[in-house]
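Thanks, everyone. Let me walk you through one model, from the overall layout to the pockets. Please keep the structure on screen as I talk.

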Amino acid sequence: MKAVVFAFTERGKATALRIAEALEGDILLRTAKKLEDTRFAAYAGGLSEYAGSVFDRDALVFVGACGIAIRAIAPHVASKLSDPAVLCVDEAGQFVISLLSGHIGGANRLANRLAKALGATPVVTTATDVNGKFSVDAWAAERNMAISSMALAKRVSAEILTHPVPFCADVPVDASSLPDGLVWGESGELGICVSVRDRQPFENTLLLAPRALRLGIGCRRGTPAETIEAAVQGVFKARGLRLEAVAEAASIDVKSDEPGLIACCSAHGWPLAFYSAERLNAVPGTFSKSEFVRNTVGVDNVCERAAAASGGRIIVPKTAENGVTVAVAELEWGIDFG
């Protein structure tokens, strides 16, 4: 975890040290200039200015009054999808308050974790948590699933407080394991669907996409990013697959300096793996073969073998368009409510 722990008094610094120990990871300890020492560096500029400079971290923990934390973060609050977890802990370490990004940012979960470590009382105020109901955005975030619509996620959370919401998935789910607030179903006005495909079983479907697809790409030398993007988009649209479900893209190592390929994957935030011809030839399975490709790069098929190099099954075989070849493998995935 990457976090910053702020303290504003000597007693607060003692509590901050306990928090840092409980958090583990890359933890920065910050305090006012007059209180800095060998463990606590002074935050540069004003508190709010410095808080903004570290808003890309996983969590910000303020040991002190809630007002201090609120004023520090107010100018930087942007979105549930990007804001870090923000917590406030009194300097005596009696209460751990989840202030911002309780679900997707994990502040609620972190508040409970720190409270346990400090022997404190966690303070969580989100309605689903208070009522012991299923929190769809928190559940999806913890499992690295893409959320199709935060507006629908908000509607689902509101509905769960008064009525069960139907839930379905592409993989088997034991209906008896569903948490409070969910019922198994594939029809209705509002519901949740977990899928790598663009399914719409409900009138208003909140789609949650597990990162379970692996994209294999081959291309001619010098192929522009726009051409690669168009080929990938075409395959996913034709097959009804969701780009948000891609966990990683892969190709052969001779393409590791291909600007268009790198730019396309970077635009989507996809990690890009490169494999040697020897490694691709060793991938088990039955793949389409091209002697031209074998003679050119030393392996009979780049995109299918690259897609399947880390396991999974090919669900989209080699598809060629404008000098780009695309294949998709689906990794094994499941549903758990632990």
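This is a predicted model: local features need pLDDT of at least 70, side-chain atom pairs count only at pLDDT 80 or more; totals for chains, interfaces and linings use all residues.

The protein has 12 helices and 17 strands. Along the principal axes, its C-alpha trace spans about 70 × 50 × 30 Å. There are 338 residues, and buried ones make up 48% of them. Now take the contacts between residues at least 6 apart in sequence. Of those, 59% join residues at least 24 apart.

Next, the cores. In soluble globular proteins, nonpolar side chains tend to be buried together. Here the largest nonpolar core has 52 residues. Which members touch the most others? They are Phe-167, Ile-192, Leu-208, Leu-215, Phe-236 and Ile-335. Helix H8, residues 225-239, provides the largest share of this core, with 6 residues. A second core is separate and has 24 residues. Ala-16, Ala-20, Leu-29 and Val-61 are among them.

Let's zoom in on Leu-208. Set aside its neighbours within four places in sequence. Leu-208 is then in contact with Val-136, Trp-139, Ala-140, Met-145, Ala-146 and Ile-147, among others. Its list also includes Ile-192, Cys-193, Val-194, Ser-195 and Arg-242.

On to the aromatics. The count comes to 9 aromatic pairs. Take Phe-134 and Phe-337. Their ring centres are 6.0 Å apart and the planes sit at 75°. An angle over 60 degrees counts as edge-to-face, so that is what this pair is. Where do the two partners sit? Phe-134 is in the loop between H5 and helix H6 (136-142), and Phe-337 is in the segment after E17. Burial separates the two. Phe-134 is buried, at 7% relative accessible area. Phe-337 is partly exposed, at 22%. The cut-off for buried is under 20%. The pair also belongs to a cluster. Ring pairs link Phe-134, Trp-139, Phe-167, Trp-184 and Phe-337.

Val-173 brings us back to some of those names. This residue is in the loop between strand E9 (165-169) and strand E10 (182-184). Is Val-173 buried or exposed? Its relative accessible area is 18%, so it counts as buried. Beyond residues up to four places away in sequence, Val-173 touches Phe-167, Leu-178, Trp-184, Ile-335 and Phe-337.

Now Glu-186, in the loop between E10 and strand E11 (190-194). Its relative accessibility is 41%, so Glu-186 counts as partly exposed. Leaving aside neighbours within four places in sequence, the contacts of Glu-186 are Cys-168, Arg-199, Pro-201 and Phe-202. Gln-200 is 14 residues from Glu-186 along the chain, and their C-alpha atoms are separated by 9.2 Å.

H11 gives the most, with 4 residues. By class, the lining divides into 10 nonpolar, 5 polar and 4 charged residues.

Ser-251 is found in strand E14, residues 246-252. Its relative accessible area is 0%, so it is buried. Not counting residues up to four places away in sequence, Ser-251 touches Ile-217, Gly-218, Leu-261, Ala-273, Phe-274, Tyr-275, Val-302 and Ala-306.

H7 gives the most, with 5 residues. The classes here are 9 nonpolar, 8 polar and 4 charged.

That's the tour. Over to you for questions.

Conventions:
Residues are numbered from 1 along each chain as its sequence is written. Side-chain values use heavy atoms; hydrogens and water are left out. Helices (H or I, at least four residues) and strands (E, at least two) are DSSP runs, numbered from the N terminus. Ala, Val, Leu, Ile, Met, Phe, Trp, Tyr, Cys and Pro count as nonpolar, Asp, Glu, Lys and Arg as charged, and the others, Gly among them, as polar. Rings of Phe, Tyr and Trp (its six-membered ring) pair if their centres lie within 6.5 Å; planes under 30 degrees apart count as stacked, over 60 as edge-to-face and the rest as tilted. Buried means under 20% relative accessible area, exposed over 50%, partly exposed in between (1.4 Å probe, protein chains only). A nonpolar core is a set of buried Ala, Val, Leu, Ile, Met, Phe, Trp, Tyr and Cys residues joined through side-chain atoms within 4.5 Å. Contact means heavy atoms within 4.5 Å.
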